[in-house]
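Good morning, and thank you for making time for this presentation.

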Amino acid sequence: MKKGTLKQILLITDGCSNKGEDPAVTAALCQQQGITVNVIGIVDDDQTEEPEGLREVEDIALSGGGISQLVYKQALSQTVQTVTKQSMTQTLQGFVNKELKQILGEDQSLEEIEPEKRGEIMEVVEDMGETCDLEVLVLTDTSASMHDKLPTVKEALIDLSISLNARIGRNRFCIFNFPGKRKAIEKVLDWSPKLDSISTIFPKLTSGGITPTGPAIREAMYQFGKKGLLKNLRDEDEPGVEEAGY
Amino acid sequence: MNQAWKKQDINIKPGTIIHGKWHQNRYVIKRKLGQGAIGTVYLCERNGQYSALKISEYATSMTVEVNVLKSLEKVQGSSLGPSLLDVDDWEISPGSKCSFYVMEYLQGEPLSRFISRHGHEWTPIFMLQLLDDLEQLHQAGWVFGDFKSENLIVLLNPPKVRWIDVGGTTQTGRAIKEYTEFYDRGYWGLGTRKAEPSYDLFALVMVFLNIYYPKQFEKGANPKATLLKKLNDVRQLRGYRECLTKALLGGYRSSAEMRHDLMNAINAAGHRDRPGRRRRPPNAGTSPLAEGGGIILAALFYYLSSLMLP
């Protein structure tokens, strides 16, 4: 099977959108273009019940073909990784299921196969997850209420890059904030293989009450085809592509 | 993901019968044994035999775990994980399904409780046992990954430490599948999350630090310094400090190498601590003197207090 590149948008937010088009619509558009949208909703420590605004979190992920999770900020690191990895597996499994249907007929999916054979198929999915290339665009909500959560977000992202860079496949990350000063989103970090460099540039804070999640997702989608990506690909190929084990 | 909101927790009442869709086996649930990252483990009974049953709605993660258990069984002459007895699905109602697998029920005591009840002299024994198992596992091309106190149990008669959850076991050279922050060298800034023997050796030291710091500790501004200080502060681990420090800093390429050093340290410590010997090794330093002084002080105390008796 040919090695592909998985594309994901990881939206980190703490509330609902209040400006521009419906985020569920732009997320659906992403999915149509092969980009999965995952959403993490950060919950305040004193919130005990599921807040109304965060229902949107689930809707966006559903129409973006991804995974959503509500989380207290203390558990953010672990959740960011679980969501990213689970979503990769889900996407890859989707591919495998499609292949299975072609081979075995319409009503065959992984769950309909007996447990013994499922194992062999999952091994293939795991192999793909380990070796495929991955592009993650992190889209962080930096509206005023996120202010005290940003240091945790930063740590979680560095941790995500440690985890993903242990894989055999290659990774590329970039970070955008929304709302931007003039545009819907603002670039914090261009496509790069690691996130260590964000310590100094993050967070660039824009305060203000608006949360244009929908337009932000649309803008984020366009970042996947950009030239910077090609340039980065070439840059990376030069110094030490083969990393020795020790 | 303890603090995250779980979408659904499976809670099965004792007495419930779980009926396998594919193999038609029936298991009676007795009680809950534990909760992992992706599933719940119950004690169950079938034909008078007790076993442990792990059930989850994440079919794919369960399949991955079953794959690991099967691979571990192929490692000859070893008992690295619990043995696998059955794999099946349970249809709770049409359209609602869970995956489960049944494994050998390992009955024993948590590591920390065993050590606090039976004494700290067991600590190095368990370290050696675990290093043996790790060596076998690594030789077979696997890294344990999620190595932590909760995943260990001490079987009694004779005491032997065993792994009970192998869910994080990863093929060497890949990205560690599952980990817990306190035991993860990446979290402490002391290495990558690539599956290699040194990853497990770091976690092994953390397992034993956790025994002496049951509430664990924060990493602080300088995680490496914090860690080394905490290790230095544990009196019971002092004899093996050098070896444990080397493991924390990624200095061992293999489990066997660490075991060799640890064995030497244990022998040296045993030599030093044995009371009432005439010949002292030349490098034993001042500790025999201190020991002698202590004995004299104690004798003096008893002598004086005996004078005060009527």
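A word on conventions. This is a predicted model, in which local features need pLDDT of at least 70 and side-chain atom pairs count only at pLDDT 80 or more, while totals for chains, interfaces and linings use all residues. Residues are numbered from 1 along each chain as its sequence is written, and chains are lettered from A and ligands numbered from 1 in the order in which they are written.

Let us begin with chain A. Read from the N terminus, the order of elements is β-α-β-α-β-α-α-β-α-β-β-α-α-α. Chain A has 246 residues, and 43% of them count as buried. Buried means that 20 or more other C-beta atoms lie within 10 Å of the residue's own, exposed means 12 or fewer, and partly exposed is in between, with C-beta atoms placed from the backbone. Of the contacts in chain A with a separation of 6 or more, 78% are between residues 24 or more positions apart. A contact requires C-beta atoms, placed from the backbone, within 7 Å.

Which residues of helix 1 of chain A are buried? In this helix, residues 23-32, they are Pro23(A), Ala24(A), Thr26(A), Ala27(A) and Cys30(A). They lie on the same side of helix 1 of chain A, because they cover an arc of only 165° around the axis, the arc being that of the directions from the helix axis to the C-beta atoms. Their cover includes strand 1 (5-13), strand 2 (35-43), helix 2 (55-63) and helix 7 (213-222) of chain A. Just after helix 1 of chain A, Gly34(A) adopts a positive phi of about 80°.

I turn now to chain B. Its secondary structure comes to eight helices and ten strands, and 35% of its 310 residues count as buried. The domain assignment gives domain 1 (17-104) and domain 2 (111-308); such bounds come from an automatic or database domain assignment. Between these domains, twelve residues of domain 1 of chain B are in contact with eleven of domain 2 of chain B.

Helix 4 of chain B deserves attention. With 14 of its 16 residues buried, helix 4 of chain B is largely enclosed by the rest of the structure.

How do the two chains meet? In chain B, 23 residues are in contact with 26 residues of chain A. Helix 1 (59-73) and strand 5 (84-93) of chain B are the elements that give two or more residues to the side of chain B that touches chain A. Helix 1 of chain B gives the most to that side, with six residues.

Finally, the core. The largest nonpolar core has 123 residues, and those with the most contacts inside it are Ile9(A), Val37(A), Leu139(A), Leu53(B) and Ala247(B). A nonpolar core is a set of buried Ala, Val, Leu, Ile, Met, Phe, Trp, Tyr and Cys residues joined through C-beta atoms within 7 Å. Helix 4 of chain B gives the most to this core, with eleven residues. Leaving aside neighbours within four places in sequence, Leu53(B) has contacts that include Ile18(B), Tyr27(B), Val41(B) and Phe100(B).

Methods
Two residues are in contact if their C-beta atoms, placed from the backbone, lie within 7 Å. Helices (H or I, at least four residues) and strands (E, at least two) are DSSP runs, numbered from the N terminus.
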